[in-house]
Number of protein chains: 2
Amino acid sequence: MAGERDQTLDIGPLTGGTRLVDVIAQKIKEAIVGGRLRPGTQLSVPALARSLTVSRSPVREAILHLVGQGLAVETPRKGVVVARVDHDDLMRIHEIREYLEAAAARYCAERAPASLIDRLEAIIGDQERAVRQGLAQGYFETNASLHRTIARGAASPRLSTILDQLEAQMSIALQHISTSREHMAAGLREHAGIVAPIRRRDAPAAEAAMRAHIAATLARVRLQRG
Amino acid sequence: MAGERDQTLDIGPLTGGTRLVDVIAQKIKEAIVGGRLRPGTQLSVPALARSLTVSRSPVREAILHLVGQGLAVETPRKGVVVARVDHDDLMRIHEIREYLEAAAARYCAERAPASLIDRLEAIIGDQERAVRQGLAQGYFETNASLHRTIARGAASPRLSTILDQLEAQMSIALQHISTSREHMAAGLREHAGIVAPIRRRDAPAAEAAMRAHIAATLARVRLQRG
DNA sequence: ACTTTGCATGTTACATGTAAATATGAGATA
DNA sequence: TATCTCATATTTACATGTAACATGCAAAGT
């Protein structure tokens, strides 16, 4: 192999301490949630190893990790494919989120430090700007950021982990779903209605507002093609 | 169809169909939830491979799988140890369960087939017998069975998976916690109070009963040594 | 036409090799 | 006694080898 150039996405420099598995898993995850690897696509270990110029071991481990995250599904002796998240899955995910996000809002209101609540309000501000400019990208980013921050405020690593995984799974389906400006505006209003009670430490109100918000989101999803 | 194939013709020296990874993961999992592998114990890949007389590859994959399930925790370059689930973790787990089990009860009441509800009542009967005889083992088994069956009735594989994982994590801590006869009796009463509304398809009542049940369980846990 | 057989290709699942990081423990030093 | 040093053992992380299995397709048989 004389001086060939590798045009495919190469792994960056391996600074001390970082493991290949983690870098590879992250890269594949980004390709999946970014829509560059479509649902149903085979995640071939040898092929990915070749394209990343690494051996098969870390690739295999990375892929199995993604299976554990629900971003890919394994069929013994057949291999792993990118998870298909259809309309029905999206509804089931929201059913779970309706409860888990409500729990997160409640515990966030009960025990988040004031600094975290400051951040929540800053995110609301960012989202206001994004919606005003009609930036769907910005809306999605601030939306994810808000929910993630609320989960962090609940001080329950397990809860955060579960919600992160559900969000990643959702983003597979959301690749194909458009969001209207009205929906974004409604979402923003609801978000503000969640952060306000968190600010005044009104846990039951925060919980109720979040639950209603997810239920409304579920209803919007259902309308899309239910 | 003439000349049908006989499935017992194979003379393959290897065990057919099942994968080593799965068998090994199951074995280690049983050792962890069964208390034979204590929290903090190093899960050394070479050592386990030797003791199981297999190579390191399937052992490593099995261990990483358990990390994904939350039964073990990984520290890069240091290795994997059996997860420590302390009193605080137990409370956080119950906080999540308070919401997720409530969701399961609701959707079970809404869409479980009658046959599954029959099974629920049969389990209640088994638990009655176990409690009457003071069998803690039987109580725990019927308890797990009941919750798992309700989750199945909710027809949401994701929900079942999450709850199964939380239950496995709990069983690590429950190894060291005793349950009194009164607690068992209270649990049984609450269980019956959950199945009854499921039977009459009263989803809100089922949800409320389940949520109260988990909250009560959490309170009992908190009393133990909170 | 329709199934079967055999071959070519690619992949998974498991085994093994090995450099480098990490733990371990004996002996030296304060 | 406590702790520092350094050599040794163990382990992790990644690389590579390979048999069994899966799959597509073309040739052969019905």
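The residues of the surface near DNA strand C divide into nine nonpolar, four polar and five charged, where Ala, Val, Leu, Ile, Met, Phe, Trp, Tyr, Cys and Pro count as nonpolar, Asp, Glu, Lys and Arg as charged, and the others, Gly among them, as polar. The model is predicted, with pLDDT of at least 70 required for local features and 80 or more for side-chain atom pairs, whereas totals for chains, interfaces and linings use all residues. Residues are numbered from 1 along each chain as its sequence is written, with chains lettered from A and ligands numbered from 1 in the order in which they are written.

Around DNA strand C lie 18 residues, of which V45(A), G79(A), L20(B), S55(B) and S57(B) come nearest; a residue is near a strand if its C-beta atom, placed from the backbone, lies within 6 Å of it. Two or more residues each are given to this surface by α2 (45-52) and β2 (79-82) of chain A and by α1 (20-33) and α3 (56-68) of chain B. Helices (H or I, at least four residues) and strands (E, at least two) are DSSP runs, numbered from the N terminus.

Around DNA strand D there are 20 residues, with R19(A), L20(A), S55(A), S57(A) and G79(B) nearest. The surface near DNA strand D comprises nine nonpolar, six polar and five charged residues.

Between the protein chains, 19 residues of chain A are in contact (C-beta atoms, placed from the backbone, within 7 Å) with 19 residues of chain B. On the chain A side, α4(A) gives the most, with nine residues.

How values were computed:
Two residues are in contact if their C-beta atoms, placed from the backbone, lie within 7 Å.
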